[in-house]
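Biologist: Please take a close look at one part of this model, the salt bridges and the strands around them. Then set that part in the whole chain.

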Amino acid sequence: MHVFNWEGDFLYDFKVNESLSDITYDAQSKILYAINRADSRIIRYELSEYL
């Protein structure tokens, strides 16, 4: 997964072991949410230490 800032500058490259869809980011809490449709789970990634 590639992470860019709002200006489009590359910030980080993360490796995830799940197949994700419907990804969204909460800028206030700095949490990335996604759905793993294979097992119907919501995945949450805490990104505050990176952003």
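**Salt bridges and their strands**

Modeller: D39 is partly exposed, with a relative accessible area of 40%. Here buried means under 20% relative accessible area, exposed means over 50%, and partly exposed lies in between, with a 1.4 Å probe and protein chains only. The model is predicted, so local features need pLDDT of at least 70 and side-chain atom pairs count only at pLDDT 80 or more, while totals for chains, interfaces and linings use all residues. Residues are numbered from 1 along each chain as its sequence is written, and side-chain values use heavy atoms, with hydrogens and water left out.

D39 forms a salt bridge with R41. The closest N and O atoms of that pair are 2.8 Å apart. A salt bridge here is a side-chain nitrogen of Lys or Arg within 4 Å of a carboxyl oxygen of Asp or Glu. By this rule the count comes to 4. Side chains of opposite charge can pair when their charged atoms come close.

R41 also forms a salt bridge with E18, where the closest N and O atoms are 3.4 Å apart. R41 lies in strand β5 and E18 in the loop between β2 (10-13) and β3, so this pair ties together parts that are 23 residues apart in sequence. Strands (E, at least two residues) and helices (H or I, at least four) are DSSP runs, numbered from the N terminus. R41 is partly exposed at 36% relative accessibility. E18 is also partly exposed, at 27%.

Another salt bridge joins E46 to R44, with the closest N and O atoms 3.9 Å apart. E46 counts as partly exposed at 39% relative accessibility. R44, at 53%, counts as exposed.

Now the sheet. Three strands form an open sheet in the order β3-β4-β5, and the pairing is antiparallel. Two strands pair if DSSP finds at least two bridges between them. β3 (21-26) and β5 stand at the edges, each with a single partner strand, so one side of each is left without a neighbour in the sheet. Neighbouring strands of this sheet are turned by 20° against each other on average, direction ignored. Axes for such angles are lines fitted to C-alpha atoms, for helices over the stretch in contact, and angles run from 0 to 180 degrees between N-to-C directions.

β4 covers residues 31-36 and is joined to β3 by 4 bridges. D26 has I31 in β4 as its bridge partner. T24 has Y33. On the other pairing, β4 and β5 share 6 bridges, again antiparallel. There A34 is partnered with I43 in β5.

β3 and β4 form a hairpin with 4 residues between them. K30 sits in the loop between these strands. Its phi is positive, about 60°, although K30 is not a glycine. K30 is partly exposed at 29% relative accessibility. The hairpin of β4 and β5 also has 4 residues between the strands. S40 takes the positive phi there, near 55°, and is likewise a residue other than glycine. S40 is exposed, with a relative accessible area of 68%.

Past the sheet comes Y50, in the segment after β5 (41-46). Y50 touches Y12 and F14, not counting residues up to four places away in sequence. Contact means heavy atoms within 4.5 Å. Y50 is partly exposed, with a relative accessible area of 32%. Y50 and R37 are 13 residues apart in sequence and 26 Å apart in space, C-alpha to C-alpha.

L11, Y12, Y50 and L51 make a nonpolar surface patch of about 300 Å². Patches are made of residues with over 30% relative accessible area and no salt bridge: like charges are joined within 9 Å, nonpolar side chains (Val, Leu, Ile, Met, Phe, Trp, Tyr) within 5 Å.

Last, the whole chain. The protein has 0 helices and 5 strands. Of its 51 residues, 18% count as buried. The C-alpha atoms fill a box of roughly 35 × 20 × 15 Å, taken along the principal axes. Among contacts between residues at least 6 apart in sequence, 16% join residues at least 24 apart. The accessible surface comes to about 4,100 Å², of which 50% belongs to carbon and sulfur atoms. Accessible areas come from the Shrake-Rupley method with a 1.4 Å probe, and for residues only the protein chains shown count as cover.
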